[in-house]
Amino acid sequence: MSFMKNVVVSFSTKIFLFLLGTVINIIIARMLGPEGKGIYTLTVLAGSTLFAIGNFGLTSSVTYFTSKGKYELK
């Protein structure tokens, strides 16, 4: 693929995901109301925080050391 085609595909994907996320947030807000949306947001935030703490930076370190060539990808 050419560089411009990659840029267009990437940009289109980002726009689509933004619009999809907006629609999903509108639906969640309408169905749950302000209080329910807050509880939902806190639940999602707690889950992602626990995930970030639980993996101890493993994904970042794998990316770093693989890009430096210190370890082979198997």
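Predicted model: local features only at pLDDT ≥ 70, side-chain atom pairs only at ≥ 80, totals over all residues.
Reader: Where do I start? How many helices and strands does the protein chain have?

Author: Start with the secondary structure. The protein chain has two helices and zero strands. Helix α1 covers residues 3-54. Helix α2 covers 58-68, with a loop between α1 and α2.

Reader: What is the radius of gyration of the protein chain, and what would a compact globule of 74 residues have?

Author: A compact globule of 74 residues would come out near 11 Å, but the protein chain has 19 Å. Now look at the spans. Along the principal axes, the C-alpha trace extends about 50 × 40 × 15 Å.

Reader: What share of the 74 residues is buried?

Author: Buried residues make up 4% of the chain. A residue counts as buried under 20% relative accessible area.

Reader: Which residues make the nonpolar surface patch?

Author: The patch is made by Val23, Ile27, Met31, Leu32, Tyr40 and Val44, and has an area of about 580 Å². Take Val44 as a case. Val44 lies in helix α1. Val44 counts as partly exposed because its relative accessibility is 43%.

Reader: How do I read a pair of aromatic rings?

Author: Two values describe such a pair: the distance of the centres and the angle of the planes. This structure holds one aromatic pair. Tyr64 and Phe65 form that pair, with 5.1 Å centre to centre and 75 degrees between the planes. The arrangement is edge-to-face, because planes over 60 degrees apart count as such.

Reader: Are Tyr64 and Phe65 buried or partly exposed?

Author: Tyr64 has 44% relative accessibility, so Tyr64 counts as partly exposed. Phe65 is partly exposed too, at 31%.

Reader: What about backbone angles? What is the phi of Phe56?

Author: First the general idea. Most residues other than glycine have a negative phi. Now the case here. Phi of Phe56 is near 50 degrees, a positive value in a residue other than glycine. Phe56 sits in the loop between α1 and α2. With 74% relative accessibility, Phe56 counts as exposed.

Reader: Which residue just after α2 takes a positive phi?

Author: That is Gly69, with a phi of about 80 degrees.

Note on methods:
Residues numbered from 1 in each chain as written. Heavy atoms only, no water. Patch = residues over 30% accessible without salt bridge, like charges linked within 9 Å, V, L, I, M, F, W, Y side chains within 5 Å. Areas by Shrake-Rupley, 256 points an atom, 1.4 Å probe, with all protein chains shown as cover. Salt bridge = Lys/Arg side-chain N within 4 Å of Asp/Glu carboxyl O. Helix = DSSP H or I, 4+ residues; strand = E, 2+ residues; numbered from the N terminus. Buried < 20%, exposed > 50% of the residue type's maximum accessible area, 1.4 Å probe, protein only. Phe/Tyr/Trp six-rings, centres within 6.5 Å; stacked < 30°, edge-to-face > 60°. Rg over C-alpha atoms; globule rule 2.2 N^0.38 Å.
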